[in-house]
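Work through these exercises with the model open. Each task is followed by a solution in steps.

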Amino acid sequence: AEFADLAQGEAHDADGAVDPSVVDFVRLWGLDARAAAFLQGMSDGLRAQAMRGFDGCGTKDGNVWGRLFGYVRQTWANALGLDQEGMRFVRELPQEAQMILITDFDPSGTKDGNVIGRLQAFARKALKQSGHPPTMMPVLSVTALLGAV
């Protein structure tokens, strides 16, 4: 039923083409168009790693989306080199804002290596873009901020 949404553009690449591997993956795990759009919006490397490494078979409660989202978030955070405090910060954001971080955040512009500082600034934009108030912004510990300097 949700695959009609895919054909209407939710999981198209920059050229407007649906990635067949995303469609197959979504079908395999019984995911919806939102999950397909999320996968399609990721960097090629993260998407490939997520689709290659994810195994939803052990999902006891049937929430394959939740398990996939957690897996992708952890894979992305590891690639960025986030520590436990950075992960806590990301996890405390609303899921829609986390999805924007994962698909749109570009750490390459960090000239001083302060990825967590850049991530925090981008999270403000992600909150706004996802329709959440700035009051939903998690607080980073002083240790995390000082450690990032």
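**Exercise 1. Find how helix α3 and helix α7 are oriented to each other, and which residues meet.**

Step 1. Take the axes, which are lines fitted to C-alpha atoms over the stretch in contact, with angles from 0 to 180 degrees between N-to-C directions. In this predicted model, the axes of α3 (residues 33–41) and α7 (residues 95–104) come within 9 Å and cross at roughly 30°. Helices here are DSSP runs (H or I, at least four residues), numbered from the N terminus.

Step 2. Classify the angle: under 35 degrees is roughly parallel, over 145 roughly antiparallel, 65 to 115 roughly perpendicular, and the rest oblique. α3 and α7 are therefore roughly parallel to each other.

Step 3. List the contacts (heavy atoms within 4.5 Å). Arg 34, Phe 38 and Gly 41 of α3 meet Gln 95, Glu 96, Met 99, Ile 102 and Thr 103 of α7.

Step 4. Sort by class. Ala, Val, Leu, Ile, Met, Phe, Trp, Tyr, Cys and Pro count as nonpolar, Asp, Glu, Lys and Arg as charged, and the others, Gly among them, as polar. The contact of α3 with α7 has three nonpolar, three polar and two charged residues.

**Exercise 2. Describe the packing of α3 and α5.**

Step 1. Their axes are 11 Å apart, at an angle of about 15°. That makes α3 roughly parallel to α5.

Step 2. Find the hand: left-handed if the near helix is turned anticlockwise from the far one by less than a right angle, right-handed if clockwise. α3 passes α5 in a left-handed crossing.

Step 3. From α3 come Arg 34, Ala 35, Phe 38 and Leu 39; they meet Trp 65, Leu 68, Phe 69 and Val 72 in α5.

**Exercise 3. Describe the packing of α5 and α6.**

Step 1. α5 (residues 64–80) and α6 (residues 84–91) pack at about 140°, with axes 11 Å apart. That makes α5 oblique to α6.

Step 2. The crossing of α5 and α6 is right-handed.

Step 3. Arg 73, Gln 74, Trp 76 and Ala 77 of α5 make the contact with Met 87, Val 90 and Arg 91 of α6. By class, four are nonpolar, one is polar and two are charged.

**Exercise 4. Where does the model call for caution?**

Step 1. The protein averages 83, and 83% of the residues score at least 70.

Step 2. Over residues 1–13, pLDDT stays under 50. Where pLDDT is low, the predicted coordinates should not be read in detail.

**Ground rules.** Residues are numbered from 1 along each chain as its sequence is written. Local features need pLDDT of at least 70, side-chain atom pairs count only at pLDDT 80 or more, and totals for chains, interfaces and linings use all residues, while side-chain values use heavy atoms, leaving out hydrogens and water.

Key:
pLDDT is the predictor's confidence in each residue, from 0 to 100. Helices (H or I, at least four residues) and strands (E, at least two) are DSSP runs, numbered from the N terminus.
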